[in-house]
Every structure is written in structure tokens, then in C-alpha cells.
Amino acid sequence: MPIPEEQSRTSGRSAMRCVRLLLGCTSAAELLGTVLAEGPGWITGEGSALYLLDPAGMLRLTASHGLPDWAHERYGLVDPAGELPAAMALRLRRPYLLGPEHTSVDYPNRNAGMGTGMVSVVTLPLMVDGRAIGVLALALAHRGTVPPRDLDVLETIAGACAHRLHHLLDHVSDDVDARREPPEAGPDPASAHPLLSLAVRAAGHGAFARDLVTGESYWDAAAFAVAGRPVSADGAAPELERIVHPEDLPDVQAALAEALASGGRYRIGYRVLRRGGEVARVEESGEVMLDVHGRPVRIAGLLADVDHRGERPAGPRHDPAGARTALLLSLTRALSRAVTVRDVTAAVTDVARPAFGAASIVLDLVDEGRLLPVSHTVYGGPRRAELTRLADLSEGVMQHSPARSAPLFSEPGGRPRSADDPAAWAVLPLVASGRQVGSCLITFAAERVFSREDRTLYSAFAGILAQSLERARLYDTHHHRAGELQRAMLPRSLPRLPGIASAARYLPSTEGMQVGGDWYDLLKLPDGRIGLVIGDVQGHNAEATAVMGQLRSGLRAYATDGHDPAATLARTSRLLAELDTELFATCLYLTLDPADGSLTAARAGHPAPVRIAADATAVELELPGGPPLGVDPAQSYPLATGRLAGGETLLAYTDGLVEDREEDYDESVQRMLGGLELWARQTGPGRVGPMPALERLADLLTLNVTERRSRPDDVALLLLHRMPSLP
């Protein structure tokens, strides 16, 4: 469960946004502050620190948050050969975790206001090209092992910090004596700069970076020298088509598409066209950096002057036909993984646009005989104005594509154009199963001539894109209808109850039909009590949803007839056994008297509810249970009693909220309990129950689920808070 560092942090901030902001930071302190302010909510902030290796090889505390004065003195300088967590992470070259049972003794967060045993601490090495430059230490709201999903997020953030720090170290002044005095937190890490930049220059390398979100590309002065081009005023790199030899361009595009589709490191050799007609050989070694969702956001690397080194670069094959085929195969693989229309547009944006060297791509779909835009993607510039121009252009040229089966190409001298128009563009009619499904407009910032081979490539790409869009649109339609069926089976709203605040959430599975059998209900019972129901029918298909609807109706009828929770579950189990299905279901049913807080409950193979007490502790209620519904219709269920005090909250949920294929179930539950406790402490006594706070808690509980790469199970949760006193 993600937990905010402060109430102003909203659930919509993602790790992707954090990485993007990190790449624009200008200091170590700003980097750490961005991680704490914009990173996942389960990074608590207290006891977090950033260390950098100084020229003597020691880890020096450069930025921190929530560390007491004594910790700055004791841990301001860390020996990499020691046993402190920062040293261990540096030596192991991987994250090093301290559980909450150790943090109060071994790590300086014990006086940071977090409470003993409340957090874990992870230290992450900051690595660039296999070389460590420092360590990032973060306090987490996890009670135990950090799940692989969260660890991936942390390593992505650490990687972004490392690359940004490396960039900052490499771009400060060489005049160390002219630099201002370092802050008290530690010396300026730029002291390592002269050796780094000297080594790069000595190797005949130039550095480059490309932001795949904005489309901005930059070279340092050495990269311009390698390519034999004058340095631009702002460091902006020239377009690929202007420098790469025409015979090698297809190879470069194919290699780039493959790297963008898979991420990670790549290497490609090619010839460049220098000023004066000289041809030189270079080797490009780079890395495609992915965000936490697996989408490419940045490319960074080095350009090497191979002729200067007297070596021969790897590739290219000088086989343009084979290279275009490889490019088309890479694009096909990227589109074949797309499931929804949104996935298709992401593949076009992330892979096709950079590989083609396009300035923008517009996708339109045919809807009731009209072309409607589904994706306008553009690099850089004033985005709103650029999108408006693209919309105007696409409306003019793309309307002609339904009447043609062949693409339209615009080239230099072929038409008059204004200064705002693209230098070149291609309009691709998208035809699948013999009918027009849409159009694709690809624009280019530089003038270009489309050869016969280029036109063949774009035509083939149009066919693959059309098939992907048609398949994705059918999937989206199917999913929408399934979602409507699911929503019809769930309550439209929760009833307003005196002295009670409530909130609920439902998330469908992302696999199969994306429907399932999870349900919840909040009942007003005839005797003035309140009934809370949550259940989970086996399976994620239409049958599970139909069975869920029958069980919900049956259980509601038994409950409103006055049966206690144990008798209600026994009758519902017999009902399920009599239905023509082999499915079973888990269920929790409890009743609450708002006047005195008395509880009665029964459980049929379902996760126990969680009580969040007024002192911010979160524990599972000890409820004896029976088998799932429908397994043994003759089985009775034990009835448990208890009390919910004023100011306390109950959380009932289905296992999809915590279940993860990459993590032990009990560890997931413990992590959620730790997050609930931390959230309750930060929210403060008396503020957990009011509706805005309860709704925020429901959002926070589901946020971590929505950020998973896949969600194999649907999720339902119901929060019930008893006010301290009746109105």
C-alpha cells in the first residue's frame, strides 16, 4: 500500500513522473527531495540520505532528510569497507535491506519520529556503466521483505539519480579553486569531474542524451567533433537523417527500433557524413532507459570516433533491404504485444516514432463513417499549439485517405507550404479485412525524399498497424461490454448510515475478460444493525460474474430475513451447491450495531478483516472460519463476536488487493498492515474517519494495485468507520 509523506501528496503522482523530474534536477539535495516528494508513497522520507564517493574513496553524506544531528556526525563519512548498510550496498552492487527489527539499532532513523519497528530501510548503489558513484538510502513503510515489484521501482529511481548525478559531475567547471565552498552536508561531489571528462576525451568519445518524452536530443562538444559538425548554440543534436550515411540509415533505424522495444544497452556502428563530403566511421554505444511501466523514456550513451582509434565498428551490414526488413520485424513485435488501442498508440509513440525519426504521429480511427483522432503525439515545442496545427493538417490531408488505398507522400517542391507546416509527411490509409479502419499521419521536421523502398516500408507498416488497431478496438469493445456487466452487478452507491462513514472500490482483472466474481455490499438490516458483505467467486469470466450476481442476491435475502452471519453463510453455501456450476466462492459477512459497536461475524475461506484502531495500530481480526461457499453444503460456520470502538475503522478486502505472483502472500499482508499504520499515524487521531480521509485511504489502497504491470485477479475493498459519537 502506498503511503504519502504528507497529506498534500496525491495518489496520481507516479514513479514515471518522479523519474522524469529527477532527470531535470540540478543538485544532490534536489534529487533526494524529488524522490521523497514525487516517488511512491511507501517511501516515508524520514531517515533518507544520499551518499557520494569522494576523491579519497569514502562515502560522504551529501543530502539527507529527517536525520538528527548526532546521525550527521556519526554517519557523515562511511568507510566502504565497513558493515553499515551504505557500505554493504556499495560492495554488493545491489540493494541492501534492513528490516524494522534492525533499523532501531543499526540505522540512524531511531530518533527520526518514525517509531521503533515501523519501517524498513533500503540502501541502493548508484551505478553508471558498471561504476559506483554513491549510495541512496531510503526508509520504507514495508514491515518485511520488499516485493520485487517495489524493488524494481526503487532501482529505476536509483538509476535515474545515478545518471543525473553523473551528468552533473561531468558538466561542472574544471576550475576547482574557483568553485564556492561546499555545503555543511558534505563537499561538492564535482571534485571527480576532471578525471572523468579527461578520460572520455582521451578515448575520443562524445556523450549524447535524448529525452524520448520531449524529443529533445543533446550532444556535448566532443560528440559534435566526432560527427564533424559545428557545435550548436544550445547543444541540440542534428536529426539522424542529416548525419548518417543513406546506405546505413536503415540499419541504424532497425537497431534503434529493437533497442526501444526491449530496453537496455545497444551498440551499432555506422558511417557519418561530415562537412565537406568526408565520410567517417563511428560507433554508438548507448542504453535505453525504461520507466517503471516498461516504456522507454530516455537514451544516453557515447559516440566513438572509430577511424581515430583504428578499429572497425560493429555492423552495419550495408544491406538496406535486409535492414528495412529488420526494422519492420521490430515494429511488428512491438505492435503484436499491444492489446488495447492505448497499447497500440504507446507502441507507435515509443518505438515507431523514434525509429522513423518522425516529429509527430497522428492516428485516426473510422467511427460511423468519420475519422476521429485517437492519438496525437508530438515532440517538444509548445505542445498545445503544435497539436492544434497537427489537428488542422490531419483534418485536411487525412480525409483523402479513405478514398485511396495507397499512401500519400509529401516531398520538397511537391507543394507550397507555410513556415509552420512539416517539412515532409506521409499519410497512410489503414485497411484491415478489406475495409478502412483509420489513417496515420507521420510528419518530419527535416525535408526528405521518400524512395521506392521507403514507400514500400511505410505501406507494409500501415498494414501491420491497421491489423493491430482493428484487433485492439475489438478487444476494447469487448472489455467495455464486460465492464458494463460487472458494474451492473455491484452497488451503484453505498447507503448513508447514521454514525457510519464508508468507502468502497472495485478494480477488474487485467487478464482474460477483465471481469470477475468479486463483490461487496453494505446493508441496512431491519433491526437497525448494519451488514457488511464482501466475497470472491472463483474465476475471471462471464460465468463468475453471473454466479456472483446470484450469490449477492441470495445472501442479501437471507441477511434481511434476520439470519445471523453464520446462518446466512450456511444458507448461501447450500444455494451455490445447488446452482449448475462447479465454481466456489469465499465470503465474509459481519453485522455492526452503530449504537454500541457490537460485532457478529462469520467467514467462509475469506481473508480476515483489518481493524485500524484509534492508536493507529492495524491488526487482523481473529475470526474462525469455515470452507469456501459451495465446497461442503452441510458444513456450518462458527459465529464470532467483538466490538468496534468509536473512532475505529474496518477494512474488508478480497485477496487481489495484496496477492502478487512475485511475493509471498503473508509478506504482502504484513506490508499492507505496516502501510495502514503509517498512514493512520500521519493522518492523526480523529481524522481517519471523515469521508474525505476515508476516500483518500481507499484511493491509496488501490493505487499500488493499479501500478502493477499486470493484475491477475480483480480487487474489491470496503472501508467502514464508526464515528466516535453518534450525532
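Q: Which residues is I442 in contact with, leaving aside its neighbours within four places in sequence?
A: This is a predicted model, in which local features need pLDDT of at least 70 and side-chain atom pairs count only at pLDDT 80 or more, while totals for chains, interfaces and linings use all residues. Residues are numbered from 1 along each chain as its sequence is written, and side-chain values use heavy atoms, with hydrogens and water left out. With contact taken as heavy atoms within 4.5 Å, and leaving aside neighbours within four places in sequence, the residues in contact with I442 are F356, A358, S360, I361, A424, W425, A426, L428, Y458 and F461.

Q: How many residues does the largest nonpolar core have?
A: A nonpolar core is a set of buried Ala, Val, Leu, Ile, Met, Phe, Trp, Tyr and Cys residues joined through side-chain atoms within 4.5 Å, where buried means under 20% relative accessible area, exposed over 50% and partly exposed in between (1.4 Å probe, protein chains only). W219, F356, L430, I442, F461 and L465 have the most contacts inside the largest core. A second, separate core of 48 residues includes C587, L599, A640 and L720, whereas the largest has 63 residues.

Q: Is C587 buried or exposed?
A: C587 lies in strand β20 (residues 585–592), strands being DSSP runs of E of at least two residues and helices runs of H or I of at least four, numbered from the N terminus. Its contacts beyond four places in sequence include W519, V533, I534, L569 and H606. Because its relative accessible area is 0%, C587 is buried.

Q: What is the C-alpha to C-alpha distance in space between R275 and P230?
A: R275 is found in the loop between β9 (264–273) and β10 (279–290), and at 57% relative accessibility it counts as exposed. Not counting residues up to four places away in sequence, R275 touches G228, R229 and P230. Although R275 and P230 are 45 residues apart in sequence, their C-alpha atoms are separated by 8.9 Å.

Q: Where does the pLDDT stay under 50 with 46 contacts beyond four places in sequence?
A: The pLDDT is the predictor's confidence in each residue, from 0 to 100, and its mean over the chain is 78, with 77% of residues reaching 70 or more. Where pLDDT is low, the predicted coordinates should not be read in detail. The stretch that stays under 50 and has 46 such contacts in the model is residues 101–118.
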